[in-house]
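Please read the following account alongside the sequence and the coordinates, moving from one site to the next as the text does.

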Amino acid sequence: MKYDPQKIEKKWQKEWEKTTAYQTQQTVAGKENYLLLTEFPYPSGNLHIGHWYAFALPDMRARYLRMKGYNVMYPIGFDAFGLPAENAAIKNKVNPREWTEQNIAYMTKQLQSMGATFDWSREVRTIDPEYYRWTQWMFLKFYEKGLAYRTKTTVNWCPKDKTVLANEQVINGRCERDDEPVIQKEIEQWMFKITEYADKLVDDLDALDWPETTKLAQRNWIGRSEGALINFKIQNTSFSVSDIEVFTTRPDTIYGATFVVISPELAQKWLESGWKPAPDADAYIKEALTKRTLEREMETVKTGVDTGVRVAHPFTNEPLPVWVADYVIGSYGTGAIMAVPAYDERDREFAQKFNLPINEIKLEDMKKIVGEIEQKGIGKAHRQYRLHDWVLSRQRYWGVPIPMIRCTMCGYQPVPESDLPVLLPDLDDFKPADDGRSPLAKATDWVKAKCPKCGMNAERETDTMDTFVDSSWYFMRYADPKNSKEFASKENMKAWLPVPMYVGGAEHNTMHLLYSRFFTKALHDLGYIDFSEPFARRINHGVILAPNDSQKMSKSKGNVVDPDEQVGLFGADTVRMYLAFMGPYEQGGPWDPKGIHGVYRCLNRIWKFAESNVSPSSNDQGMAKIINKTVKDVGEDLDDLKFNTAVSGLMKCLNDMEAAGGGGVSAKLFETFLKLLAPLAPHLSEELWHQLGNKDSIHSQPWPKYDEKLLIEDVYRLPIQVNGKVRDTITVGSQDTEETIKSNALASEKVKKFTDGKEVQKFLIIKRKMVSIVVG
Ligand code: ANZ
Ligand code: ZN
């Protein structure tokens, strides 16, 4: 019989589904629970090879941990709100819900072809009203505690999408989706007060078992700086501003301050307060305000203008000039700095260019100087963060409605909990209104509501939530996906959370991983959960690159590897094993068409070996040692997510089995080999396991144990020559006596062919190199 992955894979997938093998029980006596979390996918319509990398490899660990005796949950769901559905709706006149649900149905089929142990009975979809009821509920709880609020903010605005963009969605000043130049716009938005947790979000990173790169990205994102706010009195003021407050991280350099610089944004505020600058300053400010922050920060040549305003140095009372320059950013700190050109690079460049004094000074004791500043009443110690509050509202249709009602008398009022969920209404036209309001404003019947406070006619909020809100708590729902009374019961959460391991992409280092941490901390402080960090350990997997050029795969470049096609050619087991084999999981790497052929050949060799080389009577001591060592190595590899070395360990073992003398290996040893293979190639191993006469699934077998004693001895392969020609290779342990080696060598079937009926004239063992037999 030929190895036919298409046939056996379908067969076993059906069987596993029938036996509900992977529906996780809440608890199983004597077993520890383990929730292995991977990032739930967006239903874009098609599974790409990256999805396989993200799901099939952790599945190996899920299967391994099950065999090790854990009660493993390997959940799956869909992060199903978001812009692509809405854009497709506008472009192709389809309903976003239908578009999304069709994609989910298709991707579910594709995911099932992976042979992964997903627990579909726990599937979570963010678009399910029974899910987003709780997203809305959390918003209301946060609102009650002042963690959600509404305010006017400057936002990145894409004129084409007519929506607010997060900073990360703006690439070089353009919208990441349609490359449209992004503009700055002031509008009222719903916000989450994530800044209230800034310190905890930094400090609690230390205890997490996360990649250092991810922790560093979060620290930089939050950007905590310790320093002081210091006031500089304006000496010659002719308008309503009397002082300039600066933020500095180096109050110890205060005696070196030789001028003050304000940002164009602060200068603009001065203008509004009646400041009358010289024409050159006025022109400079107008020009600078058209530039984006990022652009300004990257400029290499310093520009600026003297404002003519003078301030007094707070310690020496010396008059210092005030300049306006665009290297000072309006949105950071106070938007003004004291310039210390002797110690700050940017200030020095500026001073050199404009001939401003550079003062070398003796540095002050930092603590002491802050104390003096506070005593004099001219400033105070201050912590500054780069982190801003999270703008959660979107002027779009396909998202969770924000459960608020606006009454002309009472202002914004929360929807009563008992009225949740606020269902997303159906629409015919999904285009945003030209004034930027959400398409929901067009659902006129839906918009009409009674004010929960005074009962008068009022209007529903028409903004929807950023999809990052949906994904900030989905993992909690897995613990109790059907609960209609709570987002999840404390008891069920206790059984699974916090998540012991979360596998995903490095692109989520900041936003998703930070937002989930914020949600967890807020829910903890509100008393709904018992843990304050969501993910104990984080693994960032690498990226699969295109064949040949090692570029990112993209449809436009035509270098995409289609997993369905690969499964059609080689079967899911080969695709899984090849992805595992490619390289370290954290690194990923280029797809190699030759590489996957190699893995396919390997699985074929295992199939062939099982057909003719497994004999019940075979009893090769050497092979037992090799398998014993492989049990240890593969187990340790899977413990450390070293999937690539696990595969090479199995391949090496296969080589040794094929080379084994004495007519193959015993069924017992081969079964052990299959168990080691099971997490990686679940279908093939299950098939061969059954062909050996076993009735229950290989995947419910305990992981093999190894014998420490057999490990001490190393084993090696020893070729046997008969009359100068190598006829076989046997496995030898380093402790074996010459007697044992001799009898094993002569017992080989392949050797016997050439020695039978003849007299052994010479028997020579060249240590660790070979055995030479001369017969005559
Ligand atoms: C005096 C000084 C002397 C400074 C020195 C640095 C070195 P981080 O660490 O990023 O918080 N700064 C403050 N606000 C700014 C703004 N809005 N735009 C541009 N620069 C600003 O940096 C804080 C330092 O960056 C502050 O400390 C200030 O310069 C500058 F030897 O004050 B320093
Ligand atoms: Zn009212």
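Cysteine 454 has a relative accessible area of 37% and is therefore partly exposed, since a residue counts as buried only under 20% and as exposed only over 50%. Cysteine 407, by contrast, has a relative accessibility of 3% and so counts as buried. These values, like the others here, come from a predicted model.

Both cysteines belong to a metal site: the zinc ion (ligand 2) is coordinated by the SG atoms of Cys407, Cys410, Cys451 and Cys454, at 2.2 to 2.3 Å. Along the chain, the donors of this zinc ion follow the spacing C-x2-C-x40-C-x2-C.

What geometry does the site of the zinc ion (ligand 2) have? The angles among its 4 donor atoms run from 106 to 112°, and the site is tetrahedral. For four tetrahedral donors, the ideal angle at a metal is 109.5 degrees.

Ligand 1 has 17 residues around it, of which Ser225, Thr248, Ile329, Tyr332 and Arg386 come nearest. By class, this shell has 9 nonpolar, 4 polar and 4 charged residues, and the strands β11 (243-248) and β15 (336-339) each supply at least two residues of it.

Several polar atoms of the protein face oxygen atoms of the ligand. A polar side-chain atom of serine 225 lies 2.6 Å from an oxygen atom of ligand 1, and an N or O atom in the side chain of tyrosine 332 is 2.5 Å from an oxygen atom of ligand 1. Threonine 249 takes part through its backbone, a polar atom of which is 3.0 Å from an oxygen atom of ligand 1. On its own, ligand 1 has 640 Å² of accessible area, and the protein covers 86% of it.

Turning to the protein as a whole, the chain contains 27 helices and 31 strands, and its C-alpha trace spans about 120 × 70 × 50 Å along the principal axes. Of the 776 residues, 53% are buried. Helix α19 (residues 572-581) is mostly covered, with 9 of its 10 residues buried; among them are Asp573 and Arg576, as well as Val575, Met577 and Leu579.

Terms used:
Residues numbered from 1 in each chain as written. Chains lettered and ligands numbered in written order. Predicted model: local features only at pLDDT ≥ 70, side-chain atom pairs only at ≥ 80, totals over all residues. Heavy atoms only, no water. Donors = N, O, S within 2.8 Å, 3.2 Å for Na, K, Ca; no water. Tetrahedral: all angles 85-135°; square planar, octahedral: opposite > 155°, others 65-115°. Buried < 20%, exposed > 50% of the residue type's maximum accessible area, 1.4 Å probe, protein only. Near = heavy atom within 4 Å. Polar contact = N/O pair within 3.5 Å; in protein donor to acceptor, adjacent residues only side chain to side chain. Areas by Shrake-Rupley, 256 points an atom, 1.4 Å probe, with all protein chains shown as cover. Helix = DSSP H or I, 4+ residues; strand = E, 2+ residues; numbered from the N terminus. Nonpolar A, V, L, I, M, F, W, Y, C, P; charged D, E, K, R; others polar.
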